[in-house]
Amino acid sequence: MQNIDSTAAEPIVTTRVWSIADFCLQHRLDGKEEARLTALFGQFATTSELVHNVTRRSRSR
């Protein structure tokens with residue numbers, strides 16, 4: 001039998017996968033942006049994919 005030190009074991013990193021519709025609701029994105037992201041990725045995408053592909057309108061006055 002082999003003992004494993006839990007502090008030496010590598011942690012498992014999970015990747016969050018979002019529903020495009022849920023992501024758009026939470027981040028207050030309009031229907032056009034939701035349609036664009038859905039066309040790009042399908043119904044689901046990772047957080048990184050969504051954050052790096054969202055187009056934001058400028059907040060200038």
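Student: How many salt bridges does the structure hold?

Tutor: The structure holds 1 salt bridge, a term for a side-chain nitrogen of Lys or Arg within 4 Å of a carboxyl oxygen of Asp or Glu. This is a predicted model, in which local features need pLDDT of at least 70 and side-chain atom pairs count only at pLDDT 80 or more, while totals for chains, interfaces and linings use all residues. Residues are numbered from 1 along each chain as its sequence is written, and side-chain values use heavy atoms, with hydrogens and water left out.

The partners in the salt bridge are the side chains of Arg36 and Glu33, with a distance of 3.0 Å from N to O. Side chains of opposite charge can pair when their charged atoms come close.

To place this pair, consider the chain as a whole. Its secondary structure comes to 3 helices and 2 strands, where helices (H or I, at least four residues) and strands (E, at least two) are DSSP runs numbered from the N terminus. Read from the N terminus on, the elements follow the order β-α-α-β-α. Both Arg36 and Glu33 belong to helix 2, which covers residues 31-41. They stand 3 residues apart, about one turn of the helix.

The two partners may also be described by their accessibility. Buried means under 20% relative accessible area, exposed over 50%, and partly exposed in between, with a 1.4 Å probe and protein chains only. Glu33 counts as buried because its relative accessibility is 7%. Arg36 counts as partly exposed because its relative accessibility is 33%. Across the chain, buried residues make up 20% of the 61 residues.

Helix 3 also comes into the picture. Asn53 lies in helix 3, residues 47-53. Asn53 counts as partly exposed, since its relative accessibility is 28%.

Leaving aside neighbours within four places in sequence, Leu29 is in contact with Phe23, Cys24, Leu37, Val54 and Arg56. Leu29 is located in the loop between helix 1 and helix 2. Because its relative accessibility is 14%, Leu29 counts as buried. Between the C-alpha atoms of Leu29 and Arg56 there are 8.6 Å, although 27 residues separate the two along the chain.

Arg28 is also found in the loop between helix 1, residues 20-26, and helix 2. Arg28 is not a glycine, yet it has a positive phi of about 50 degrees. Most residues other than glycine have a negative phi, and most peptide bonds are trans. At 77% relative accessibility, Arg28 counts as exposed.

Thr15 is found in the segment before strand 1, residues 17-19, and counts as exposed because its relative accessible area is 57%. For the chain as a whole, 49% of the contacts with a separation of 6 or more come from residues 24 or more positions apart.

Technical notes:
Contact means heavy atoms within 4.5 Å.
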